[in-house]
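Subject: Structure handover

Dear colleague,

Here is the structure I said I would pass on. Please look it over alongside the notes that follow.

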Amino acid sequence: TLLREIASSTPDDLLKSFIAFQDPNYQPLTNTILYFLYMLFSFQPEGYHLFAITLHFLSVLGLYHIVSKITNDKLVGFLSAVLFAVLPINSGLIFWFSNISILLSSCFLIYAALAYMLLKKKHALVQYGSVILLLVLSFLSLGFSTASLIINAWIYVSSAILSSSLVYLLYFLLRHVIKNVKVASIILLIM
């Protein structure tokens, strides 16, 4: 039924879905992705399964990098990624296309976590880029599943508690955008 609703949608309906909060399952980004997938694959299930498997593969690849960086052991990263790839609990996400929003959200969250790990780099440009990437990916994950709110909050709270680098980076970003140190400091204090 979800695909039939998308099939009867127009581009104007997609735009309206971003501002109309009447749907109790408010996920305009999911509807947008489904609309474009419908334009590509129509009612052919193979394309949707290929898309879901690709997302799952990207998640597995991201998990490999996260575990490898945390443990400093590529074998542990590989074994963790293989275990995650073949766990039966993930089969529902891959084979039932109605769960695509969870798959999209988890993929964005995994790469947001990788961006968070890049904050440890010493190069300022990498740090600025990783903050921007972290914000974009975490907000995109929110657009697909509200359950990612908890994980996003954990990333930001743990970052604020465990290291002040995110606060400093936000301060410098605000300072460059606002061009006023006092205003940037006040905004950070309010946050």
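Of the 191 residues of the protein chain, 34% count as buried. Please keep in mind that this is a predicted model. The chain has eleven helices and zero strands, so I will refer to helices by number, as counted from the N terminus. Written out from that end, the elements read α-α-α-α-α-α-α-α-α-α-α.

Helix α3 covers residues 28-41 and helix α4 covers residues 45-71. Their axes come within 9 Å and cross at roughly 130°. Angles over 145 degrees would count as roughly antiparallel, and 65 to 115 as roughly perpendicular; α3 and α4 are therefore oblique to each other. Their crossing is right-handed.

Helices α7 (100-117) and α8 (124-144) are the other pair. Their axes are 8 Å apart, and the packing angle is about 165°. That makes α7 roughly antiparallel to α8, since the cut-off for that class is over 145 degrees. The crossing of α7 and α8 is left-handed.

Around α7 and α8

Leucine 118 sits in the loop that links α7 to α8. Its relative accessible area is 26%, so leucine 118 is partly exposed. In sequence, leucine 118 is 13 residues from valine 131, and the C-alpha to C-alpha distance between the two is 8.6 Å.

Valine 126 belongs to helix α8. With a relative accessible area of 33%, valine 126 is also classed as partly exposed, because that class takes in whatever falls between under 20% and over 50%. Valine 126 and alanine 115 are separated by eleven residues in sequence and by 9.6 Å in space, C-alpha to C-alpha.

Most residues other than glycine have a negative phi. Serine 42 is partly exposed, at a relative accessible area of 30%.

Asparagine 72 is a further case, placed in the loop between α4 and α5. The phi of asparagine 72 is likewise near 55°, again positive in a residue that is not glycine. Asparagine 72 has a relative accessible area of 71% and is therefore exposed, the limit for that class being over 50%.

A nonpolar patch

The last item concerns the surface. Leu75, Phe78, Leu79, Val82 and Val86 make a nonpolar surface patch of about 490 Å². Leucine 75, one of these residues, lies in helix α5, which spans residues 74-86. Is leucine 75 buried or exposed? Its relative accessible area is 53%, so leucine 75 counts as exposed.

Regards

Key: Residues numbered from 1 in each chain as written. Predicted model: local features only at pLDDT ≥ 70, side-chain atom pairs only at ≥ 80, totals over all residues. Heavy atoms only, no water. Patch = residues over 30% accessible without salt bridge, like charges linked within 9 Å, V, L, I, M, F, W, Y side chains within 5 Å. Areas by Shrake-Rupley, 256 points an atom, 1.4 Å probe, with all protein chains shown as cover. Salt bridge = Lys/Arg side-chain N within 4 Å of Asp/Glu carboxyl O. Helix = DSSP H or I, 4+ residues; strand = E, 2+ residues; numbered from the N terminus. Buried < 20%, exposed > 50% of the residue type's maximum accessible area, 1.4 Å probe, protein only. Axes fitted to C-alpha atoms, helices over the stretch in contact; angles between N-to-C directions. Parallel < 35°, antiparallel > 145°, perpendicular 65-115°, else oblique. Left-handed = near helix turned anticlockwise from the far one by under 90°.
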